[in-house]
Amino acid sequence: QVHLAESGGGLVQPGGSLRLSCEASGNIFSINAAGWYRQAPGKERELVAALSSGGNVDYADSVKGRFTVSRDNVKNTMYLQMNDLKPEDTAVYFCNAREVYAGSTTDYWGEGTQVTVSS
């Protein structure tokens, strides 16, 4: 089992910045990949950034050049630095961790943190 806890959301004006954190606990050594997703009201959950076990990161086209994923292995924490925020970035942001073992895939999710971009 892996437990994920997001933090860092809030209200920010357009053009502002926020840094989200995702702290993992439990059987973290079973995690093969991780990422950030978001879900806006009335829309499906979408991938924001995917972090592979090798450290490669793929970003959604809508956030490329503005968002950056990083991690602190000592703190078991993944971060999402969001710059130049836009109203369309408003959503609940979720942290995801994926475990692949013996041909079976398990996705773990945090409870989410609200990001609101508004003047």
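What follows is a short chat about the predicted model shown above.

Student: Let's begin with the core. Which residues touch the most other members of the largest nonpolar core?
Tutor: This is a predicted model. In it, the largest nonpolar core has 28 residues, and Trp-36, Leu-80, Met-82 and Tyr-93 touch the most other members.

Student: Which strands each supply at least two residues of this core?
Tutor: Strands 1, 3, 4, 5, 7, 8, 9 and 11. In residue numbers, strand 8 is 77-82 and strand 9 is 91-101.

Student: Take Leu-80. What does it touch, leaving out residues up to four places away in sequence?
Tutor: Leu-80 touches Leu-18, Arg-19, Leu-20, Trp-36, Val-48, Phe-67, Thr-68, Val-69 and Tyr-93.

Student: Arg-19 is on that list. Which ring does Arg-19 lie over?
Tutor: The ring of Tyr-79. Arg-19 lies over its face, at 4.2 Å from the ring centre.

Student: New topic: ring pairs. How many aromatic pairs are there?
Tutor: The count is one. The partners are Tyr-37 and Trp-109, with ring centres 5.0 Å apart. Their planes are at 70 degrees, so the pair is edge-to-face.

Student: Which parts does the pair tie together?
Tutor: Tyr-37 lies in strand 4 and Trp-109 in strand 10, residues 104-109. The pair therefore ties together parts that are 72 residues apart in sequence.

Student: What charged end sits over the ring of Trp-109?
Tutor: That of Arg-45, 4.6 Å from the ring's centre.

Student: On to strand pairing. In what sense do strand 4 and strand 5 pair?
Tutor: Antiparallel, over six bridges.

Student: Last one: Ser-30. Where does it lie?
Tutor: In the loop between strand 3 and strand 4.

Student: Is Ser-30 buried or exposed?
Tutor: Buried. Its relative accessible area is 15%, and the cut-off for buried is under 20%. Not counting residues up to four places away in sequence, Ser-30 touches Val-2, Arg-98, Glu-99 and Val-100.

Note on methods:
Residues numbered from 1 in each chain as written. Predicted model: local features only at pLDDT ≥ 70, side-chain atom pairs only at ≥ 80, totals over all residues. Heavy atoms only, no water. Core = buried A, V, L, I, M, F, W, Y, C linked by side-chain atoms within 4.5 Å. Buried < 20%, exposed > 50% of the residue type's maximum accessible area, 1.4 Å probe, protein only. Helix = DSSP H or I, 4+ residues; strand = E, 2+ residues; numbered from the N terminus. Contact = heavy atoms within 4.5 Å. Phe/Tyr/Trp six-rings, centres within 6.5 Å; stacked < 30°, edge-to-face > 60°. Lys NZ or Arg CZ within 6 Å of the ring centre and 35° of its normal. Pairing = 2+ DSSP bridges.
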